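Please look at the sequence and the model below before reading on. The report is meant for a reader who has not seen them before.

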Amino acid sequence: MSELPPITYTLEYPYTRTTGPVVGAFLTALRDGRILGSRCGDRVICPPLEFDPDTAEPVAQDLVEVGPGGTVKSWTWIAEPTRKHPFQQPFAFALIVLDGADTALSHAVKARGIDAMSTGMRVRAQWREERASAVTDVYFVPEADAVDTYVPPGEGEVELTEHLISLDFKEAIHPFRERFARGLIAGKFIGQKSPVSGKVYIPSKGYDPLARVAMTEADDVELPPVGIVAGYTVITPVQYYGQKETEPYIRASILLDGADQPLGQQDIKNIPHDEFRSGMRLRAVFRPESERKIVEMDNRWGSTGGVIDHWEPTGEPDAPPEKYLEHLF
Amino acid sequence: MSTEEIAIVAVAQTPSYRHYNDTEPSLLMTLVNQILADTKLDRHDIDFTIAGSCDYLSGLPFAFVSNVDGFGAWPPVYESHVEMDGAWALFEAWVRLSMGDIDLALVAGSGKSSPGSPREIFPLQTDPYYTAPLGFDPVSAAGLQAQALIDAGKATERDFAEVVSRSRRSALANPNAQVAKDVSVDELLKEPYFASPLRKHDLPPISDGASALLIARGDKARELTDKPVWIRGIDHRMESHHLGLRDLTVSDSTRISAEKLGLKSGPVDVAELCVRYSPEEIILVEALGLSGETNINPSGGPLCGHPVMASGLIRIIEVAERIRSGEAQRGVGHAASGGALQQNLLCLMEGGA
Amino acid sequence: MAERSAVIGIGQTKYARRRGDLSIDGLVREAALRALEDAQLTFKDIDAIVIGKAPDALEGVMMPELSLADALGAVGKPIHRVHTAGSVGASTAISAATMVESGIFDTVLTVGYEKQSDGNATWALGGGRSGSQGAGGSFAPWIRKYIEKSAAPEHIGWKVAVKDRQNALKNPYAHLHLKDISIEKVKESPVLWDPLHFLESCPSSDGAAAMVLTNEKGVARAPQPPAWVVAHAKRTEFTQFPGRDTVKPAAGVECAKALYKKAGITNPIRQIDCAEIYVPFSWYEPMWLEGHLITEEGSGWKLTESGATEIGGDFPVNMSGGVLSSNPIGASGMIRCLEAANQVRGTAGDYQVDGARVALGHAYGGAANYFAMWIVSSEKEPKFS
């Protein structure tokens, strides 16, 4: 059989950060083409902080304009930028002491090459044409490359800054999970029976936590596609970024016959919510073999939705609570 | 400082894997079972358990919860978790045993960096308003720190390469190392810059792995082993997060911790330093005041295997193992967190009955 | 060597759905500066800092002890960060108490916080995926199981929801101030996770809570009465395993037993004057009354029904309004510990329990598999009879 493709997933959320007074003033000014520092004792700190950095005690806010020119205190040439960097071509990160400030700002310098960079060099702020009320509204260039442009001021004070955090992950499917997934595609439920405690887990994690023992392929067992509703929730979906559910739905834990651990998060499609109950006996109805695919299953999350079409009542009498209550977890 | 005698009585670590194709709990389970076998203890002889790990490495909020599977929690256990390197879990365990009412604590650190892209994840450790949106990553912070060292006349690129060359050669004797090679400084200096003045080999590899150890109080330690490794003190300190507010060429936090621990009141036979970027070794050696008598990073250090969240605790384990073997009598393990050595922890250890 | 620790300063932010006026720095500082002011100390008097919060993905800030170090006066000092899911706030407070009790540190600042409005808690609780069942979805089946086993009438949950919101009206820091809350309103609010109604569920809040803990020497210098930390305990079990009692988890039972034993408490309902218990969904009040051995099994709901858990009752619970009225996740457990301290210091204002001498602060988390609790008292060595 062919290798299952590696699991890929993206953890993504557009965070909206409230800035508070100091970061807000800094980002407002930045949007409007100016850079602010905070006067603290006999120093000007840039970027400005809400407190005295020496003592962490509150200070009266005294924001002053600094830059747009500055001097590079240290720098590093980034030969292979990441997707999160401000430039996708090689560039420098630098510590820049802006004119009028006493401390350095960490920011990006767009230069023609590493040879254009040196400690002590002069740089100048440049504003992006499209500004987003974020620290990325500005970048720096060697002074000789600078072109000063008019930066039209925006409206109101910046109180929010957005940051879309999107991280990609990729990993091979773990050995047991692979056998579980292949079983599903073949229309079978493959669990594991602990050689020590005798407990049957599905999907197994490849070990028995009760006995603290790893399990191998020799411990695999096939379970019937029939079981008991050990517990369920009717969920009214809350809308959030990335949420695909819109209507109330059931998530059930189904204890397959012979298992000690229920299959969690099962999507119950065809049974009316008011008829659904714990103890009900159900049978898994698999999708046609050609349509079965492993979707949204990774090494931790076990969606079986691409393989099991729905669960149907077997018509048998309900199981008594003692059969399943201690397995409701 | 603690007045209780507390010793490391058993240690375990996995190799540093480029990709470990199984769960993080399974890594931990192997280590816990090994420690229990080595000490002939039952899981429930252990009074307190604490682990360090990081949700973001696996891209799953609450990922740490399943790690409990690995170290055992039935019947229930007295347990805690820090979202930090296992070295800080050791700190909390050492503090807890110092209360004097319990005897044994199990400490672990684990992490799998291989599924994600650390250079894209780690900018999230930085200021969420001023630097995280720039994707400002620890490699870049290390580059700024390295350039500052050069500009201050405190180091050269050749010095960085020498750290790498020596570390990789040392790692040849470390079965848990991920990168080990006999490579000359001149060869290393032929490589192109990655984050100037750093080259790729000045960075740690991306690793998966775990580490664990067991600490015990006084008589309990002597009962469990004839070679206890006494913890003479743990001290950790933070620096400013804002690079512009720091002198990047020094590590004041490390220097102060070394003073508090009395590091120089005796010989330092071995030092395992959490050198994630080669210039960090130069800064740490100066801050610790180490001389040529100290064997520095005989394991090869994080440059040769860096399972984040386990890596700092591994430094302490590497020192403890050398004290147990008699190769060293007194040594220091160092752990670090954050860009440009923002946070540093020292654990001073000594052999003796 | 073991020292006794005490809370000598407490500080809270105003809790709200969104603290739009604050950065994360500003949020933690609002609580920390109030705690320092209460103790009449400044950052320079602090030897170490412990922070706690729930997953980093709630704000998208990884290992925030790094970026918050300056704001919390931690530069040059030890700072560490605890994360034990929903129980984290109490675990963090316990970690801070331990640092003082060890004799290694004299005075410790501890802060729990969450800036939930920067992100989305339901998203994070669902692992950042679609179809999150949220905390309510995880707990609803166990709540239903409790109702079946105990034969509790359905209005018990509604009653708790009303009581805690009415208490919150006395607490200026509380997020929810539902002036017209009533049994009818709770009952008629939508069912989010059967059997839980919207108004039986906790809100999502921004907020931070902070405490200053110190040893006997520090207490002698403190301007306000201390809350002595008499005992603390933590227990964890697996999130899922065959045979698990999800209604009354063994970890919760053992945690309570260890706590009472350490404190010298033999009859918790009589010897504890009031409790701040982590109740994010109304039914958890009776469930934890039973689960932590305050009542017999099957009787927790009867105590609630009798009115004993109201302010003025025999065993007041969640006088501050509880998690049902304010829920910045990473702070919620610390708020329970802090409010217990507030009661025994006699500083709880309009929701003060008269003569409170011994109070319980409690939190749980994960799949109800993490527990952390402490007992505080106005007396250093309270005797129980």
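The text that follows goes from chain C to chain B and then to chain A.

This is a predicted model, in which local features need pLDDT of at least 70 and side-chain atom pairs count only at pLDDT 80 or more, while totals for chains, interfaces and linings use all residues. Residues are numbered from 1 along each chain as its sequence is written, and chains are lettered from A and ligands numbered from 1 in the order in which they are written.

**Chain C**

Chain C holds twelve helices and eleven strands, where helices (H or I, at least four residues) and strands (E, at least two) are DSSP runs numbered from the N terminus. Its C-alpha trace spans about 55 × 50 × 45 Å along the principal axes. Of the 385 residues in chain C, 73% are buried, a residue being buried if 20 or more other C-beta atoms lie within 10 Å of its own, exposed if 12 or fewer, and partly exposed in between, with C-beta atoms placed from the backbone. Among contacts in chain C between residues at least 6 apart in sequence, 79% join residues at least 24 apart, two residues being in contact if their C-beta atoms, placed from the backbone, lie within 7 Å.

Helix α5 (residues 155-168) of chain C has 14 residues and reaches 20 Å from its first C-alpha to its last, close to the 20 Å expected at 1.5 Å a residue, the expected span being 1.5 Å times one less than the number of residues. Because twelve of its 14 residues are buried, α5(C) is largely enclosed by the rest of the structure. Among these buried residues are C:Trp158, C:Lys163 and C:Arg165, and the buried residues of α5(C) pack against α6 (183-188), α10 (284-291) and α11 (300-306) of chain C.

**Two contacts**

The contact between chain C and chain B takes 49 residues from chain C and 52 residues from chain B. On the side of chain C, the elements that give two or more residues are β3 (79-82), α2 (88-101), β8 (227-236) and α8 (250-263), and the largest share, five residues, comes from α2(C).

Chain B itself is divided into domain 1 (6-116 + 206-230) and domain 2 (118-205 + 232-350), with bounds that come from an automatic or database domain assignment. The centres of these two domains, taken over C-alpha atoms, are separated by 23 Å. Their contact takes 35 residues from domain 1 and 33 residues from domain 2, and α4(B) gives the most to the side of domain 1, with six residues.

**Strands of chain A**

An open sheet of three strands has the order β12-β11-β15 (chain A), with antiparallel pairing, where two strands pair if DSSP finds at least two bridges between them. Its edge strands are β12 (200-201) and β15 (220-223) of chain A. The table lists strand pairs of chain A.

| Strand pair | Sense | Bridges |
|---|---|---|
| β11(A) and β15(A) | antiparallel | four bridges |
| β16(A) and β19(A) | antiparallel | three bridges |
| β19(A) and β20(A) | antiparallel | five bridges |

In β15(A), A:Glu222 is the bridge partner of A:Ile190. A:Leu282 of β19(A) is the bridge partner of A:Gly227, and A:Leu282 also stands opposite A:Pro313 in β20(A).
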